[in-house]
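Reader: Hey, I'm new to this one. Could you walk me through it while I look?

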Amino acid sequence: MAAVEAIDLKAVGATSDKKGQDSAANLFAARLTGANLNDTVFNGVSLAQARLDRVHARRARWTAVTAHGTDLRGADLSGLRIGDAPSDFDFADFTDARLSGRGGQADIGELQLAWAYLCHTVMAPGRRVDRDCHARIEAPLRPVPNPARSDPFVAISGASIQSPRPRPRTIRATVDWASGAGMPSGVIRVLAVDRVTGMPTLVDEQRYRGDLPETTDYVKTIDDPRLLQAMAAGSRVVLTASQYPLATPRRSPT
C-alpha cells in the first residue's frame with residue numbers, strides 16, 4: 001500500500017493485527033490527509049514520509065511504528081498509545097498537532113519527539129510547545145502593483161492545471177517570447193516543489209532551437225504516477241520559460 005492515496009478515508013477501528021500477534025504493513029509515502037483513524041491498531045506499520053495531516057487518531061494504538069519524516073500537521077493524536085516497543089518519529093512534523101484533547105492524553109513525551117518538529121503542538125492540557133517554530137526570515141512575496149510596468153522579456157499567461165479525477169493532470173500555459181531579441185532558442189520547464197522537503201522534481205522540459213514563434217501554446221498531460229505524486233496537493237508547481245541565443249542550455253538532470 002506504499003504511496004496509496006486515500007484522502008478523507010474512514011477507517012475507524014481498523015487493525016493491522018486481528019490475531020493479536022506481531023504484524024506489519026507498508027504505508028510509505030501514503031496520502032491519508034484528513035483520514036479518520038480513531039481507535040486504529042497499527043503494529044509494526046511503516047508510515048514513513050506519509051501525509052497524515054489533519055488525521056483523527058484518537059485513542060489509537062500504534063506500536064513499533066515508523067513515522068520518519070511523516071507529515072502530522074494539524075493531526076488529532078489525543079489518547080494515542082505507542083506502548084513499550086520503540087517507535088520512530090524522527091523528523092515528523094507535529095505542527096499544530098494535538099497530543100491531548102477529546103481522546104485523552106497521548107503517551108508520547110518530548111524525549112521521544114526530540115528529533116521531531118514541534119510548533120504550536122498541544123502536548124498536555126494548557127501546555128503548548130513551540131520549540132521548533134521559526135520566525136519568517138524572508139519578506140512575503142508581493143505582486144507587482146501594475147504588471148504591465150514589469151515588462152518581462154518572456155511573458156507567461158493563462159497557466160492552469162486541469163485535474164480530472166483521479167488522473168491524469170493537464171498543464172496549460174501561453175508563452176509570449178521576446179521577438180527580435182536575437183535569442184531564437186528557448187526552453188519551457190515545469191517543476192514540482194515538495195512542500196515538506198523543498199526538493200524539486202522535473203515534471204517536463206520542452207526545448208526549442210531556432211525560429212521561435214512569437215507565441216507558444218504549451219499543453220502537457222501528466223500521467224506518470226511518480227510525477228503525479230510529486231504534484232500532490234500542497235506541493236508547488238512552477239512553470240518557467242527562458243530564452244537563449246542559438247546555443248541551447250544543457251538538459252536539466254531528471
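This is a predicted model: local features need pLDDT of at least 70, side-chain atom pairs count only at pLDDT 80 or more; totals for chains, interfaces and linings use all residues.

Reader: Okay, and where is Arg-59 found?

Author: Look in the loop between E3 and E4. The backbone there has something to notice too: phi of Arg-59 is near 60 degrees, a positive value in a residue other than glycine.

Reader: Which residue does the side chain of Arg-59 meet in a salt bridge?

Author: Asp-39, with 3.0 Å from N to O. Asp-39 sits in the loop between E1 and E2 while Arg-59 is in the loop between E3 and E4, so the pair ties together parts that are 20 residues apart in sequence.

Reader: How many salt bridges does the structure hold?

Author: Ten. One of them joins the side chains of Glu-5 and Arg-31, at 3.2 Å from N to O. That pair links distant parts of the chain, 26 residues apart: Glu-5 is in the segment before strand E1 (25-26), and Arg-31 is in the loop between E1 and strand E2 (41-43).

Reader: Are those two buried or partly exposed?

Author: One of each. Glu-5 is partly exposed, given its relative accessible area of 44%. Arg-31 comes out at 6%, so Arg-31 is buried.

Reader: Why do charged side chains pair up at all?

Author: Side chains of opposite charge can pair when their charged atoms come close.

Reader: Got it. Which residue does Arg-73 form a salt bridge with?

Author: Asp-71, and the closest N and O atoms are 3.2 Å apart. Asp-71 counts as buried because its relative accessibility is 1%. Arg-73 is partly exposed, with a relative accessible area of 30%.

Reader: Which residues are linked in a network of salt bridges?

Author: Arg-58, Asp-76 and Arg-98.

Reader: New topic: pockets. What volume does the largest pocket have?

Author: About 640 Å³. The lining is made up of 26 residues, and those nearest the centre are Gln-49, Gly-69, Asp-194, Val-196 and Thr-197.

Reader: How do the lining residues divide?

Author: Ten are nonpolar, nine are polar and seven are charged.

Reader: How do you even spot empty space in a model?

Author: Rolling a probe the size of a water molecule over the atoms shows where empty space is left.

Reader: Can we look at some residue pairs? How far apart are His-120 and Arg-131?

Author: They are eleven residues apart in sequence, and their C-alpha atoms are 8.4 Å apart in space. His-120 is in the loop between strand E6 (104-105) and strand E7 (121-124), and its relative accessibility of 32% is why His-120 counts as partly exposed.

Reader: What about Ala-192 and Leu-239?

Author: Along the sequence they are 47 residues apart, yet C-alpha to C-alpha the distance is 8.9 Å. Ala-192 belongs to strand E11 (residues 185-193). Its relative accessible area is 1%, so Ala-192 is buried.

Reader: Last one: where does Leu-202 lie?

Author: In strand E12 (residues 200-208). The C-alpha atom of Leu-202 is separated by 9.8 Å from that of Val-238, and the two residues are 36 apart along the chain.

Reader: Why does Leu-202 count as buried?

Author: Its relative accessible area is 19%, and buried means under 20%.

Definitions and conventions
Residues are numbered from 1 along each chain as its sequence is written. Side-chain values use heavy atoms; hydrogens and water are left out. On a 1 Å grid over the protein atoms alone, a cavity is a set of points where a 1.4 Å probe fits but cannot get out, and a pocket is an open set with protein on both sides within 12 Å along at least five of seven lines; lining residues have an atom within 4 Å of a point. Grid points are joined across faces, edges and corners, and a volume is the space filled by probe spheres set on the points. Ala, Val, Leu, Ile, Met, Phe, Trp, Tyr, Cys and Pro count as nonpolar, Asp, Glu, Lys and Arg as charged, and the others, Gly among them, as polar. Helices (H or I, at least four residues) and strands (E, at least two) are DSSP runs, numbered from the N terminus. A salt bridge is a side-chain nitrogen of Lys or Arg within 4 Å of a carboxyl oxygen of Asp or Glu. Buried means under 20% relative accessible area, exposed over 50%, partly exposed in between (1.4 Å probe, protein chains only).
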